[in-house]
Amino acid sequence: MNDHTHPDLLALDAAHRRLAIDPAQSFIVEAPAGAGKTELLTQRFLALLAHANDPEEVVALTFTQRAAAEMRERITTSLTRAAQGSLPDEAHKQVTHQLSLQVLTRNREREWNLLDHPHRLQVTTLDALCARLARQMPLLSRFGGQPGVLSDAFPLYQRAISSVMEELEEEGEVADALARVLPHFDNSIPRFQTLLESMLDRREQWLGHAHRTGTDWDQSSMQHMLSSLLEQKLKSVANAMSPLARERLTRVVLCSHDPLRLWPSPLETRPESLVYWKKLAGLLLTQEGKLRVRLPNHLPLDNSDLDVLRTAFSECREMLEANPSFHAMLTEMIRLPSPEYPEDEWQLIQD
């Protein structure tokens, strides 16, 4: 904060900082760069350390080794200066100093010898903590050796996929599933393996679904999920239009699809209506998603119906030109899947 900050805000900030180092409570601290988060975390670590039975009970985790080293340096420097009796001038540093004195008192009581053995301070990265826990539990982790951390896991993905592809030479459910899936990739094993690598790299998005059984992972629940997604998409398109625009679009579909049918007005957003929305998109847009200059040829309508359709088409085209976001949504509409899972697609999902 600068010198022009309101005194009430300064007092509030100071109160929040005191509260954040209270060992009896937990907090999430959000602040921009340069606001003193690292100093506050150092104070929080020291406050917790002053109540611990052993220094290993307090763990600070960061994402990078550099950040861990910086925080460990701050803690050890604060303890060293406090042991030397060096009182800082800054108010926030004085808080750190008082907390360091409390830790030194605890250090003497419990005979930690922290100044001689600073490695006992558990400031580390998430990866390092997980690796250490795994090393301490070799039977439970089932690694069979000392684990390490890889920055590039794709070689492991390739090994795992290669072992699965070997099942093609065997008999069983995996071999049967592979035999059904590969034709969808023109029997190109390299292409299929590349896509599997991409899937493994994002396995947190689908692995939970793959292990579900019973009602959580059956055709009816998947069908309901697909219908819900399609209905949301149709509603977003419908909400982007005014009531007048929806009425015009209904006229376009009415005239082009079945002039004798009594249509609901406006177009509905139920998944079953997707076929009509696609019909509408096909009338207004080319296959490349661009606005048509004129109606498609050879529409099965007589002259009077064509006149009505041309008028509606002209009105809708003006609306699309004035609303690029609706144009984009209508373009996406063409690519939406059918609201019903065909049996062969359901078998592919299971495989």
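So, S78: this residue sits in helix α3, residues 65-84, where helices (H or I, at least four residues) and strands (E, at least two) are DSSP runs, numbered from the N terminus. Is S78 buried or exposed? S78 has a relative accessible area of 17%, so S78 is buried. The cut-offs here: buried is under 20% relative accessible area, exposed is over 50%, and partly exposed is in between, with a 1.4 Å probe and protein chains only. Leaving out residues up to four places away in sequence, S78 touches T96 and S100, a contact being heavy atoms within 4.5 Å.

Quick housekeeping. This is a predicted model, so local features need pLDDT of at least 70 and side-chain atom pairs count only at pLDDT 80 or more, while totals for chains, interfaces and linings use all residues. Residues are numbered from 1 along each chain as its sequence is written, and side-chain values use heavy atoms, with hydrogens and water left out.

Okay, the overall picture. The protein chain has 16 helices and 2 strands. Of its 351 residues, 31% count as buried. If you take the contacts with a separation of 6 or more, 61% of them come from residues 24 or more positions apart. The chain exposes about 23100 Å², and carbon and sulfur atoms supply 52% of that; areas come from Shrake-Rupley with a 1.4 Å probe, and for residues only the protein chains shown count as cover.

Back to α3, for the charges. E70 and R74 both lie in that helix, 4 residues apart, about one turn. Their side chains meet in a salt bridge at 3.7 Å, N to O. By salt bridge I mean a side-chain nitrogen of Lys or Arg within 4 Å of a carboxyl oxygen of Asp or Glu. E70 is partly exposed at 40% relative accessibility, and R74 is partly exposed too, at 29%. The pair belongs to a network of salt bridges that links E39, E70, R74 and K93.

How many salt bridges does the rule give? The count comes to 13. Another one is D13 with R17, at 2.8 Å, N to O. Those two are 4 residues apart in helix α1, residues 7-20, so about one helical turn separates them. D13 has a relative accessible area of 24% and R17 has 31%, so D13 is partly exposed and R17 is partly exposed. Then there's K235 with E231, where the closest N and O atoms are 3.7 Å apart. K235 and E231 are 4 residues apart in helix α11, again about one helical turn. K235 is at 40% relative accessibility, partly exposed, and E231 is at 27%, partly exposed.

Next, helix α7. Its 12 residues, 154-165, should span 16 Å at 1.5 Å a residue, and the end C-alpha atoms are 16 Å apart, which agrees. For the expected span you multiply 1.5 Å by one less than the number of residues. Which residues of α7 are buried? They are Y157, I161 and M165. Looking down the axis of α7, the buried residues fall within an arc of 70 degrees, so they line one face of the helix; the arc is taken from the directions from the helix axis to the C-beta atoms. They pack against α8 (173-181) and α9 (189-201).

The loop between α8 and α9 holds N187. N187 isn't a glycine, yet it has a positive phi of about 55 degrees. N187 is exposed, with a relative accessible area of 53%. E111 likewise has a positive phi of about 55 degrees without being a glycine. E111 sits in the loop between α4 (91-110) and β2 (122-125), and E111 is exposed at 62%. For background, most residues other than glycine have a negative phi.

One more loop: M241 is between α11 (219-239) and α12 (243-257). M241 is at 9% relative accessibility, so M241 counts as buried. M241 and M319 are 78 residues apart in sequence but 9.2 Å apart in space, C-alpha to C-alpha.

Last stop, the surface. V59, L61, F63 and L126 form a nonpolar patch with about 400 Å² of accessible area together. Patches use residues with over 30% relative accessible area and no salt bridge, joining like charges within 9 Å and nonpolar side chains (Val, Leu, Ile, Met, Phe, Trp, Tyr) within 5 Å. L61 lies in strand β1, residues 59-62, and L61 counts as partly exposed at 40% relative accessibility.
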